[in-house]
Every structure is written in C-alpha cells, then in structure tokens.
Amino acid sequence: MKISLEWLKQYCKFDLTAEEAARRLTMSGLEVEGLHALGSDWILTAEVTSNRPDLLCHIGVARELSALTGAPLIPPPVDFDCDGSPVGGLVEVTIEDFDLCPRYTARVIRGVKIGPSPAWLADRLEAIGLRPINNVVDITNFVLMETGQPLHAFDLRKLRGPKIVVRRARKGERIVAIDGSAHELSETMLVIADAERPVAVAGVMGGLETEVGDTTTDLLLESALFNAPNIRRTSRALKLESDSSYRFERGVDPDLADWASRRAAHLIKKLAGGSVAEGVADVRKQTYQPATVTMRTERFRRLIGVPVDEEESAGILSHLGFTVKEKGGGKVTVLVPSFRAGDVYREVDLIEEVARICGYDKIPDSTPMPICVAKRDKEEMVQGLARDLMVAMGYSEAVSFTLTDPQVAGRFAPWGDQPALQVANPMAQDRSVMRRSLLPGLLQIKRTNERQGARKCALFELSHVYLARQGEKLPEERLCLGLVSDGDLRDVKGAVETLLDRLGLLGQSKFLSSDLQFFDPSERARVELNGVPIGCLGRIGRETTAEFDLRTPCCVAEMDFSRIAASAVLDRKYVRLPSHPPVERDLAIIVDEGTTWAEIREAVEGAGVAFLKKIEFFDLYRGKPVPEGRKSLAFSLVFRSEDRTLIGEEVNKAVEDLISLLGRRFSAELRKA
Amino acid sequence: MEARIAAAEQQALAEIAAAKNAGDLEALRVKYLGRKGALKDLMSAVASLPPEERPRAGQAANAFKTRLSAAIEAAKKGLSSATDTRKGAPAFDPSLPGRRAALGHRHPITQMIDRIKDIFGRMGFRVAYGPEVEFSRNNFEALNIPPDHPSRDAFDTFYFDRDVVLRSQTSTVQIRVMEGQKPPVRIIAPGKTYRPDTVDATHCFMFHQVEGLYVDEGVSMADLKAVLTLFAREFFWPDVKIRFRPHFFPFTEPSVEVDVSCALCGGKGCPVCSKKGWIEFGGAGMVDPNVFQVVGYDPERYTGFAFGLGIDRLVMMRYGIDDIRCFFDNDMRFLSQF
C-alpha cells in the first residue's frame with residue numbers, strides 16, 4: 001500500500017523525517033519496504049499484515065505515529081448543513097440478509113455538479129497511484145484511502161424505485177461492472193439491488209448503469225459493512241477485486257460507516273455543491289459493543305521476559321485508541337476500539353500491543369535455559385551412517401522433486417499397486433502426482449548430467465516416497481534409498497551389500513530373482529531382509545532408457561530404508577583374535593551357467609568340512625577355454641583350528657573331498673591353471 | 001702366518017668393495033668363508049703350526065673371519081638400498097598428483113540440515129518429523145487460520161481434496177507433537193514444504209523449512225531471543241546480533257520476523273545486506289493460546305515459543321548461491337562444490 005507523508009501530516013503533526021518515520025513504523029509492525037520522494041512529498045510503500053486492516057488508510061497509519069511520538073491525532077472535519085428533506089422520503093433501504101450485510105447507510109445529495117477534482121484532491125490520489133475520474137468518484141476514493149471505509153456513489157435518478165435492497169442474487173441475474181466486465185451472479189453472492197435488478201456486486205464493485213457520470217445530478221452515497229468471508233468468496237469466484245473488496249475481506253471498522261459517509265458528504269458539498277438530505281438511512285440489527293479486555297502486568301513479564309508497569313501500559317494502549325477503564329493492582333482494563341475489533345480480543349493481544357510499541361530491542365538476548373537432554377533416535381543415526389557410506393563409495397546425494405509426472409510414476413511401482421496421489425491444483429501436469437519411487441527422479445537427473453558432459457555421475461537419494469493406503473486419507477511416507485550408478489550391476493549390488501554389511505544386516509539378507517518390468521529381464525534382482533522384501537536392483541530396460549533419453553541403460557537400486565534402519569545392528573561385540581594361523585586354498589571350478597553361486601556356497605558350507613571357516617567368491621569367468629554354456633567360479637577357502645596350527649596335508653584331503661562333492665552335485669570340474 | 005692372513009684380508013676387502021651385486025658378494029663369501037674357502041686353508045695352516053704359535057694364529061684367523069663377515073654384511077646392506085633406487089632411474093616428482101579417492105558429496109541442503117540439527121541439538125532440541133501430505137486441519141484450523149480468511153493467502157496450498165493438503169509450512173509438526181505428548185516440549189522439525197509458486201531464481205514450489213518449538217512453564221520471548229542469538233552466532237558469524245520486527249502469523253502472538261546483523265558492515269548497510277544492515281532469516285513468536293487450546297495445553301500454566309526458518313534461503317546466503325533451482329537440478333558440477 002502506498003502512503004503519502006504529507007497526507008499523513010494532516011492527521012498528526014509528527015516531527016520525523018521520512019526515513020525516521022519509515023523506520024519507526026517498521027520497528028512497530030508496519031513494514032515500510034520502499035521510500036521515494038515525489039516533489040516535496042515522500043511516498044512510503046508499506047506491507048500491511050492481514051491482522052491490521054486498520055492500517056489500510058492514512059488515519060490508521062497516522063494513529064500509529066501518534067502512539068509512537070505522542071503527537072495528538074487530528075480528525076478531519078465532517079460537518080455540513082442539511083436541506084431539510086428527510087432521507088427516508090427519498091429512498092427506501094432494506095437489508096434482506098443481515099448475516100451478509102450487518103449494516104447499510106445511505107445518504108442522499110441532490111443537485112450536484114459533476115466536474116474534475118481540484119488540484120489538491122487529484123494530487124493526493126495520484127501520489128498514491130490512483131487515477132482521478134470526477135469530483136464525486138474521487139471523493140469516494142479519497143475517503144476510502146483516508147478512513148478505510150469503502151464508499152460507493154450511485155446516480156440516484158438511475159435507481160428504480162428508488163429502493164435499495166441488500167439481498168442475495170437470484171439465479172440467472174447478471175450485471176456489468178464499472179470496469180466494463182460482465183458477470184453471471186450466483187445465489188451465494190450478495191448484491192445491492194434497486195426495485196428491479198442488481199446495481200452493484202456488494203462490497204466488490206458498482207454497476208456500470210448506475211455509476212456517477214457527467215450528467216449525474218442526484219447521488220445516493222452508500223457506506224456499509226459486509227461479511228468478510230463472503231466478500232472474499234464472491235471476489236474470487238468472479239475474479240473481480242477492488243480496493244474496496246480488499247478492505248472488506250480483511251475487516252472494516254464496524255462503527256465507521258456513518259462517520260465516513262458524513263466525511264464524504266462534507267467534501268461533496270464543498271467540491272460539487274448540492275444539498276444534503278436530512279439524516280441517513282441507517283439499517284442495522286445491532287450497534288457495535290466494544291469488548292472489554294484486561295492485561296496483567298505479571299503475565300506480560302512472564303511472556304515477554306521484560307517487566308512493564310500499569311502506567312506505561314495504560315499510556316501506550318490509550319495512545320493506540322484503547323479506552324482505559326481501570327488501572328491498578330497489576331492490571332489494566334480497556335475497551336477495544338471498533339477499528340481493532342477483529343484483531344484484539346484477548347489479554348495476549350494487548351500484551352503484543354504494549355510490547356511492540358515499547359520495542360523488542362528491550363528484550364535481553366542471553367537468558368539461562370534449563371538443561372535438557374535431546375535423544376537422537378536410531379533412524380537418525382542410521383541415516384547419517386548411510387549417507388557417510390554412500391559418499392565414501394563415491395555416490396553424490398541428490399534432492400529431487402516429490403511431485404512427478406503421472407505417466408512416469410505409473411510405470412515405476414516397486415512398492416505396490418496403489419494409485420499415485422494426485423494433486424487437485426498442480427502447477428503443471430508433469431508435476432501433479434506424488435512419487436511412488438525415487439528412481440524416475442534420479443534417472444532424470446542422470447540425463448541432465450549426461451547432457452552436461454559429466455564423466456562421473458553416481459547418485460543416491462535418501463528421501464520419501466508416498467504410498468496410498470486403503471481406507472486411510474493420508475499415505476504412508478516411506479523413507480527409501482535410491483541409487484543410480486556409473487558401473488554395472490555387480491557394482492550396485494556391491495554398494496547395497498556394503499551398506500547392509502556395515503549395518504550388521506548382510507547375514508539376514510537374501511538376493512533373489514525379480515520380475516519387475518522396468519528392469520532388463522536378464523539383469524534384475526530383489527532383496528529380502530529376514531524374509532521381508534526390502535528392495536530391488538537391476539539394469540534399466542531398453543524402453544526405460546529411451547524414455548529417459550539416456551545414452552546407456554544404467555544400473556539402479558531402491559531400498560526400503562525405514563525397515564533397514566529399524567533392523568540395523570549398531571552394537572558390536574568383540575571376538576577374540578585367532579591364536580593359530582589359517583591355511584588358505586584357492587579353487588576354480590567349471591559349472592553350468594544355471595548353477596548359482598548360492599548353491600555352490602551352500603553345498604560347501606553344508607558339507608560339514610572340518611576346520612573350514614570361510615568360503616569367499618572372487619572371480620567369475622566365461623570364455624575360452626571354458627566351454628560354452630559353462631562358467632568358471634573361483635573362490636578361496638580358509639581353514640583354521642582353534643587349538644593348533646593345521647598342516648597342509650590335513651587340508652588337502654578336505655579339499656579333495658569338496659571337489660568330489662561339487663563334481664557329483666554340480667558336474668563341477670576343477671579348472672586347471 | 002699373520003702376514004699371510006693380513007694379505008688375504010686386504011685382498012678380500014678390496015674385492016668386497018668392488019662387488020656390484022648381492023650375487024657377487026655371496027660368491028665372495030663362499031670364496032673366503034665357505035666350506036672350501038680361503039678361511040679353511042688358513043685354519044688348516046694354523047693347525048699345522050708348532051703348538052706355541054697356534055693360539056695367536058688362531059685368534060688372528062678368527063678375527064679375519066669376523067671382520068670379513070661384517071664387511072660382507074655391510075656391503076650387502078649398502079647394495080640393497082642402492083638397488084632400490086635402480087641406478088639410472090629418474091627421481092620421484094613430488095608435484096605429480098597422487099591417486100585420490102573418488103568420494104561423493106552430500107547435498108548442500110542435507111549438510112545444512114545436519115548443521116542446524118547439531119546446533120539445536122546442543123541446546124537440547126530433539127528432532128521431530130511429521131507428514132508432508134497432511135490434514136488441512138493441521139495446516140490451517142489447528143494453527144488458528146480460519147477458512148475464507150485473507151491470512152490463508154500467505155499459506156496458499158496444493159490440495160488433494162477438501163481435507164488433505166501438501167503442508168505449506170512445517171508448523172503442522174507443532175500440532176502433531178503437542179497432540180502426541182504432554183509438555184515440556186523442545187523440538188526442531190526440518191522437512192519439505194510446498195506452495196504453489198512460479199519457479200524462479202528465488203522461489204520454488206517445493207522448499208525446505210525447519211520449525212522450532214519450546215513449550216514449558218515460564219518460557220518467554222527472552223528465551224526465544226537467546227536461542228536464536230546462539231543459533232545465529234553458530235550459524236552465521238560469531239559476533240552477530242539479532243533483532244525482532246513485529247509481524248503477524250496466526251499461530252503466534254506476539255509474532256516477529258527475525259533479522260541478523262550483517263557481519264560485513266556491522267549494521268551500517270552494504271551490498272551484501274542490500275544496504276539495510278540486517279538480513280532477514282526467519283519468523284517466530286510466542287505460541288498463540290488458541291493453538292494451545294486446540295492441542296489441550298493449559299495456556300495459563302504453559303507458554304512457548306516457535307520459530308520457522310527457510311533452509312534453502314539460509315544455504316543460499318551461506319554459500320552465495322544465487323539460484324534456488326540449483327538445489328533441484330542436482331548437476332554434478334554443483335554438487336561437487338560442497
């Protein structure tokens with residue numbers, strides 16, 4: 001909102017430079033974002049928070065400066081002579097819906113001369129970015145910006161009846177607004193109607209037909225109060241807004257309507273002549289009853305951390321427009337003025353008023369706080385460990401968008417078939433569903449990096465996927481670990497194994513065949529932890545590679561990290577070092593393609609070979625001289641006794657037995673060097 | 001006899017000195033000290049001397065053996081360190097780069113969240129989490145934001161249906177935590193938040209915030225200032241001050257925006273702080289009693305403070321990053337800078 005400093009000075013003679021005024025206002029709650037000179041004037045651009053609609057006008061801001069400086073507030077003149085004829089005989093005003101319109105006032109001024117506004121008025125409006133139109137319309141805008149009360153002037157001769165009926169629109173009713181836009185009205189919208197049709201969208205904008213123009217001579221001056229949420233809904237529905245609707249939405253002073261109407265009448269008589277009818281048609285159900293609120297100084301001290309006394313508090317509140325009813329015994333009781341009715345209704349609101357004027361700089365910045373232990377939970381720790389490990393293994397961490405393309409999300413569903421959650425008001429179609437897997441985002445990032453010529457792009461992401469749950473409104477937000485590698489599937493599997501091993505889970509994990517569609521059928525696997533599925537890995541298929549526009553099909557993995565973290569074994573137990581040296585033997589055997597390493601390992605481990613401590617794979621070889629359809633698996637065996645040093649001959653027999661066993665079970669042949 | 005031994009020794013020592021490799025030395029050892037070597041002949045000669053001359057000659061022979069063994073050993077050692085340098089091979093160039101480990105990089109946002117957790121952790125704040133897909137009630141009504149209210153504009157949301165939204169602030173976690181336990185509460189809650197916002201250099205529809213909440217008997221705004229001052233001094237620069245500017249949030253009363261003094265100009269104004277002397281880094285306030293009412297805490301007995309910091313913005317300030325989109329492009333050239 002734009003504020004003119006010269007204009008402010010009409011209502012309060014504060015002795016501050018523009019910069020000082022801007023600073024004082026900012027430090028007490030009205031943030032002045034910009035300041036520029038305009039001739040001899042200064043224009044402040046301020047951001048008014050939604051709880052302070054009273055600051056959306058010059059008198060409101062002047063009131064703040066009055067409270068800050070002590071200079072008194074000077075209300076503008078509102079007096080004028082009336083011509084004797086009572087307003088009731090000239091127009092009939094009825095409110096049909098008091099919930100949507102608690103109060104409507106109408107004044108009648110006849111015989112006005114419409115013309116351009118005098119320079120002082122045009123300048124005031126232009127200084128704050130408004131365009132002068134004619135004297136009467138300019139006065140309604142001026143009084144709006146002065147007092148915060150939206151006003152509207154109708155050409156009385158164009159009102160049929162003449163009657164004002166404040167009612168809901170009827171089905172099918174239409175109106176053309178003063179900005180030329182045409183609207184179809186709905187029954188939830190409040191209109192100002194005459195005897196026959198709507199003449200204004202209440203609180204939002206007047207109708208074109210009844211607007212004040214060059215030929216107008218008689219005016220009906222509306223000054224009313226409308227239900228804020230309804231104005232907001234109507235404004236949004238019609239995509240129509242104005243300085244008036246802006247203020248009604250935020251809450252206009254419930255007691256201001258008549259005073260602002262008189263102010264406008266005073267100015268109209270001065271600038272456009274005419275005679276003002278006696279009285280005002282003021283329709284309302286109830287008058288404003290100010291709330292009574294008490295503030296305890298002790299409560300202030302407990303909340304703010306700084307003491308204040310009753311004198312000081314009462315002084316501040318009084319300057320802000322609150323009427324002090326009682327002061328003493330550690331309490332101050334006040335009546336809330338109408339222009340703060342929406343915002344101040346409790347003790348804590350008064351505390352804020354006193355505190356912000358006193359200044360938050362008075363609050364000390366070092367107080368002792370009681371010690372308290374903050375527990376680190378296990379998942380936090382395992383997350384930290386996992387990130388360290390991934391970084392150590394050469395993967396860099398990505399943070400990608402959780403909102404994705406529904407087409408893509410549809411194909412990556414490693415965690416179940418529930419449909420992806422769909423946002424009703426997305427910013428773009430390709431960011432309209434919550435992701436069910438981390439992999440698509442990671443593949444997109446890989447592509448971006450490929451295009452940039454990145455030679456190395458190994459990524460991981462440790463973050464959530466969103467899985468809808470039957471019968472529940474909120475999805476499961478499952479923490480997953482996704483990774484995209486530069487290497488082959490054994491590199492990816494190695495990374496997963498390293499992680500599981502470090503977390504003490506490798507022994508309870510199994511890698512099995514998978515049938516997930518987005519992987520290449522010849523290179524994919526799934527992982528189970530204690531029989532529960534915790535992840536999948538594989539090389540992406542040709543289709544997927546093309547879809548993501550990648551140069552080569554890369555290898556990826558995705559794991560259920562919350563399960564991993566929950567099962568992780570972080571404790572260690574010391575095992576005494578062996579006292580006798582081992583005997584090691586390396587073997588390479590040739591077996592059929594279909595024979596898995598697990599079968600070989602299980603056969604060896606299950607054979608009950610004495611002193612065999614460990615069998616460890618180290619090489620897979622295919623090609624000459626190994627026959628086609630067969631492969632060579634090389635592994636090392638470690639033999640050790642707890643109580644003596646083994647000799648080679650003891651071990652040789654065991655090895656020969658193993659070779660025979662493997663030969664029988666798997667047609668394994670020993671591979672000669 | 002002694003003369004003969006001395007002559008043999010002189011010759012042997014000369015040959016040892018001239019030996020080029022371990023093989024030569026071994027041959028010399030065999031020649032002089034082996035079973036059929038020179039020493040054997042000398043010992044035989046000593047044995048055939050008259051008895052009164054044998055002890056002295058024998059001693060001389062033994063001394064010869066000792067000295068020769070030592071000379072051969074010494075020569076061997078000298079040769080082995082010499083062979084390592086491979087005579088004629090070029091010396092090591094210490095300026096040649098070594099083979100470095102190919103480490104990955106943690107994302108700068110994660111690094112920042114870790115730092116924030118660490119700083120607040122040392123002040124006794126534990127980490128709490130809440131869902132991103134949240135009930136509209138926890139994002140609005142429970143936080144004292146009524147429906148059809150202009151304050152909702154600031155918290156414009158993505159929604160799934162009438163009751164479920166993508167949270168527009170981490171303050172939703174305040175509700176979850178307080179409804180889940182009795183006071184005292186001392187938590188921080190980092191996480192992703194969402195607002196429909198056109199994406200540009202400083203705005204994105206998905207961003208990261210961290211919420212702080214401390215509720216107990218006797219918590220005041222002075223505690224809020226102290227905690228945020230400690231944080232600012234750890235996070236920004238050691239001598240900074242913070243200041244509160246009155247503002248409005250529906251879920252705190254009083255509400256403030258928090259600025260940190262610019263370290264470069266000490267508050268006078270310079271290009272880093274856009275001449276203001278202060279840099280805004282978050283919002284805060286005392287928990288509104290209406291919120292305590294919703295979660296069932298007695299506002300007469302308990303008071304609390306809450307704060308919210310924009311993490312992405314903090315990271316940008318800390319590292320001088322000028323485009324928020326960098327965080328989500330995840331270009332390796334960006335990630336590897338941190």
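Student: F334(B): buried or exposed?
Tutor: F334(B) is buried, since its relative accessible area is 10%. Buried means under 20% relative accessible area, exposed over 50%, and partly exposed in between (1.4 Å probe, protein chains only). This is a predicted model, where local features need pLDDT of at least 70 and side-chain atom pairs count only at pLDDT 80 or more, while totals for chains, interfaces and linings use all residues. Residues are numbered from 1 along each chain as its sequence is written, chains are lettered from A and ligands numbered from 1 in the order written, and side-chain values use heavy atoms, without hydrogens or water.

Student: OK, aromatics. How many aromatic pairs over all chains?
Tutor: There are 30. Rings of Phe, Tyr and Trp (its six-membered ring) pair if their centres lie within 6.5 Å; planes under 30 degrees apart are stacked, over 60 edge-to-face, the rest tilted. One of these pairs is Y214(B) with F305(B), edge-to-face at 5.6 Å centre to centre and 75° between the planes.

Student: Where in the chain do Y214(B) and F305(B) sit?
Tutor: Y214(B) is in strand 6 of chain B (residues 206-216) and F305(B) in strand 10 of chain B (residues 303-310), so the pair links distant parts of the chain, 91 residues apart. Helices (H or I, at least four residues) and strands (E, at least two) are DSSP runs, numbered from the N terminus. Both Y214(B) and F305(B) are buried.

Student: Back to F334(B). Which residue does F334(B) pair with?
Tutor: F338(B), in an edge-to-face pair with 5.0 Å between centres and 65° between planes.

Student: Which rings are in the cluster with Y214(B)?
Tutor: Ring pairs join Y214(B) to a cluster that includes F120(B), F125(B), F231(B), F235(B), F236(B), W237(B), F281(B), F305(B) and F307(B).

Student: What lies over the face of Y214(B)?
Tutor: R186(B), 4.6 Å from the ring centre. A charge sits over a ring if NZ of Lys or CZ of Arg is within 6 Å of the ring centre and within 35 degrees of the ring normal. F235(B) has the charged end of R318(B) over its ring, 5.8 Å from the centre.

Student: New topic. Where does I16(B) lie?
Tutor: In helix 1 of chain B, residues 2-18. I16(B) counts as buried because its relative accessibility is 6%.

Student: What does I16(B) touch?
Tutor: Leaving out residues up to four places away in sequence, I16(B) touches L25(B), L28(B), L68(B), A71(B), I72(B) and A75(B). Contact means heavy atoms within 4.5 Å.

Student: And what separates the C-alpha atoms of I16(B) and L28(B)?
Tutor: 7.1 Å, with the two residues twelve apart along the chain.
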